[in-house]
Amino acid sequence: MDDTTTGQEYWDARYGEHDHLWSGEPNAVLVREVTGLEPGNALDLGCGEGADAIWLARHGWRVTAADISRVALDRAAHHAATAGVADRVDFQRHDLAASFPEGTYDLVCTAFLHSPGEDMPRAAILRAAADAVAPGGILLIAGHAGPPPWDPDAHPHAHLPTADEVLASLRLPDGAWDVLLSGEHERLQTAPDGRAMTRTDNLLKIRRRRT
Ligand SMILES: C[S@@+](CC[C@H](N)C(=O)[O-])C[C@H]1O[C@@H](n2cnc3c(N)ncnc32)[C@H](O)[C@@H]1O
């Protein structure tokens with residue numbers, strides 16, 4: 001990504017190069033951490049091709065799902081229609097650095113909201129994500145703890161924070177949130193050449209107190 005390419009141009013081109021960029025399966029940490037929660041309304045930030053949003057909709061949530069890429073959103077909407085949940089997911093295009101979905105939500109989740117350029121203010125976006133959590137609601141942030149082992153230069157400009165660094169960057173008021181989970185975990189991924197490789201991710205799960 002060079003200095004003149006916008007985030008939308010980068011991601012539209014990246015999605016446009018492939019029929020699908022991701023597996024089509026929901027993120028395992030989302031499934032694990034949301035299973036058992038009472039469904040309500042949910043916001044998925046950086047939804048990509050929509051697998052997490054569609055899984056949530058299939059499990060009773062009303063979902064707003066946002067991404068910067070029109071190509072990804074069109075694909076996600078097609079997948080939602082195929083899955084029979086188009087009426088339960090509102091896909092919205094936002095450059096989250098500039099605009100943010102309205103409302104408050106019982107669940108705000110974001111999985112791997114990373115971008116190779118320097119222009120995505122991830123910490124500010126995650127603070128807006130925390131602001132969008134309703135009383136009693138959950139904020140779930142999954143991120144990469146480092147570059148993929150097959151491409152150490154994949155995130156040349158981005159700092160990939162630990163879960164505790166993400167928590168600190170949210171600048172949450174004392175006594176208003178409970179930390180349910182904060183830490184790193186390993187995940188098996190398939191490299192482009194087909195090799196199975198281990199990657200380290202982090203996960204933060206916090207709940208806003210009712211008062
Ligand atoms: C690594 S992908 C993750 C996609 C999806 N959450 C998943 O787990 O498969 C990062 C996503 O963030 C989106 N994104 C990057 N910068 C963004 C921004 N400024 N505003 C909204 N979405 C953005 C990209 O288009 C991409 O879909």
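Predicted model: local features only at pLDDT ≥ 70, side-chain atom pairs only at ≥ 80, totals over all residues.

Me: How many residues surround the ligand, and which are the closest?

Reply: A residue is near a molecule if one of its heavy atoms lies within 4 Å of it. Here 19 residues surround the ligand, and the closest are Tyr 15, Asn 27, Gly 46, Asp 67 and Ala 111. For the classes, Ala, Val, Leu, Ile, Met, Phe, Trp, Tyr, Cys and Pro count as nonpolar, Asp, Glu, Lys and Arg as charged, and the others, Gly among them, as polar. On that scheme the shell has 10 nonpolar, 7 polar and 2 charged residues.

Me: Which backbone atoms lie at polar-contact distance from nitrogen atoms of the ligand?

Reply: A polar contact is a pair of N or O atoms within 3.5 Å; within protein, one must be able to donate a hydrogen and the other to accept it, and residues adjacent in sequence count only if both atoms are side-chain atoms. A polar backbone atom of Gly 46 is 2.7 Å from a nitrogen atom of the ligand, a backbone N or O atom of Leu 96 is 2.9 Å from a ligand nitrogen, and for a backbone N or O atom of His 94 the distance to a ligand nitrogen is 3.4 Å. Of the 600 Å² of accessible area that the ligand has on its own, the protein covers 92%, where accessible areas come from the Shrake-Rupley method with a 1.4 Å probe and, for residues, only the protein chains shown count as cover.

Me: Which residues touch the most other members of the largest nonpolar core?

Reply: In soluble globular proteins, nonpolar side chains tend to be buried together. A nonpolar core is a set of buried Ala, Val, Leu, Ile, Met, Phe, Trp, Tyr and Cys residues joined through side-chain atoms within 4.5 Å, and buried means under 20% relative accessible area, with exposed over 50% and partly exposed in between (1.4 Å probe, protein chains only). The largest core has 27 residues, of which Val 34, Leu 56, Val 63, Val 89, Phe 91 and Leu 107 touch the most other members. Elements that each supply at least two residues of this core include α2 (28–34), β2 (62–67) and β3 (89–93), while α3 gives the most, with 5 residues. These labels follow DSSP runs, with helices (H or I, at least four residues) and strands (E, at least two) numbered from the N terminus. A second, separate core of 20 residues includes Tyr 105, Val 108, Leu 139 and Leu 170.

Me: Is Ala 42 buried or exposed, and what does Ala 42 contact?

Reply: Contact means heavy atoms within 4.5 Å. Ala 42 lies in strand β1 (residues 41–45) and counts as buried because its relative accessibility is 0%. Leaving aside neighbours within four places in sequence, Ala 42 is in contact with residues including Leu 56, Trp 61 and Thr 64. Thr 64, in strand β2, is also buried, with a relative accessible area of 10%, and its contacts beyond four places in sequence include Asp 44, Asp 90 and Gln 92.

Me: Where is Asn 202, and what does its side chain reach?

Reply: Asn 202 is in strand β7 (residues 196–208), and it counts as buried because its relative accessibility is 3%. Its side chain reaches the backbone oxygen of Pro 161 at 2.7 Å.

Me: What can be said of His 114 and Arg 171 in their loops?

Reply: His 114 is in the loop between β4 and α5, where it counts as buried at 9% relative accessibility, and its side chain reaches the backbone nitrogen of His 144 at 2.9 Å. Arg 171 lies in the loop between α6 (163–169) and β6 (177–190), counts as exposed at 62% relative accessibility, and has a positive phi of about 50° although it is not a glycine.

Methods:
Residues numbered from 1 in each chain as written. Heavy atoms only, no water.
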